[in-house]
Amino acid sequence: RAPRTVVAIDAANYNSHGELSQWQQYGTAQILRDLWKARVGLLSSADSTDGSVATGNWGCGCFRGDPQLKLFIQWIAASISD
């Protein structure tokens, strides 16, 4: 059985209780923030697992992030973390 590592990555809050409006997640600053956080999270687990990653709907759900945008951010982060 492959070793497991849990890495927590926070997400920006775009719901009505957060400081950011939902449309702000498409801005360069927020995309770069999420890209950096995803990359660091993926790098921190690279040496301790078989390379498998499960992120669920990171930043979506109650935080109201765009699932398609988050998918591409994570995909890019995984590609540059290799």
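**Reading the labels**

Tutor: Gladly! Keep in mind that this is a predicted model. In its protein chain, 66% of the contacts between residues at least 6 apart in sequence join residues at least 24 apart.

Student: How many helices and strands does the protein chain have?

Tutor: The protein chain has two helices and zero strands.

Student: Why does tryptophan 75 count as exposed?

Tutor: Exposed means over 50% relative accessible area. Tryptophan 75 has 55% relative accessibility, so tryptophan 75 counts as exposed. You will find tryptophan 75 in helix H2, which covers residues 67–81.

Student: What makes Leu71, Phe72, Trp75, Ile76 and Ile80 a patch, and how much accessible area do they have together?

Tutor: A patch takes residues with over 30% relative accessible area and no salt bridge, and nonpolar side chains are joined within 5 Å. These five form a nonpolar patch on the surface, and together they have about 540 Å² of accessible area.

Student: Which residues make up the largest nonpolar core?

Tutor: A nonpolar core needs buried residues joined through side-chain atoms within 4.5 Å, and buried means under 20% relative accessible area. The largest such core has eight residues: Ala11, Leu35, Ala38, Leu42, Trp58, Leu69, Ile73 and Ala77. Helix H1 (28–45) and H2 each supply at least two residues of this core.

Student: Which residues does leucine 35 touch, leaving out those up to four places away in sequence?

Tutor: Leucine 35 touches Ile73, Ile76, Ala77 and Ile80. A contact means heavy atoms within 4.5 Å.

Student: And how much of the protein chain counts as buried?

Tutor: Of its 82 residues, 28% do.

How values were computed:
Residues numbered from 1 in each chain as written. Predicted model: local features only at pLDDT ≥ 70, side-chain atom pairs only at ≥ 80, totals over all residues. Heavy atoms only, no water. Helix = DSSP H or I, 4+ residues; strand = E, 2+ residues; numbered from the N terminus. Buried < 20%, exposed > 50% of the residue type's maximum accessible area, 1.4 Å probe, protein only. Patch = residues over 30% accessible without salt bridge, like charges linked within 9 Å, V, L, I, M, F, W, Y side chains within 5 Å. Areas by Shrake-Rupley, 256 points an atom, 1.4 Å probe, with all protein chains shown as cover. Salt bridge = Lys/Arg side-chain N within 4 Å of Asp/Glu carboxyl O.
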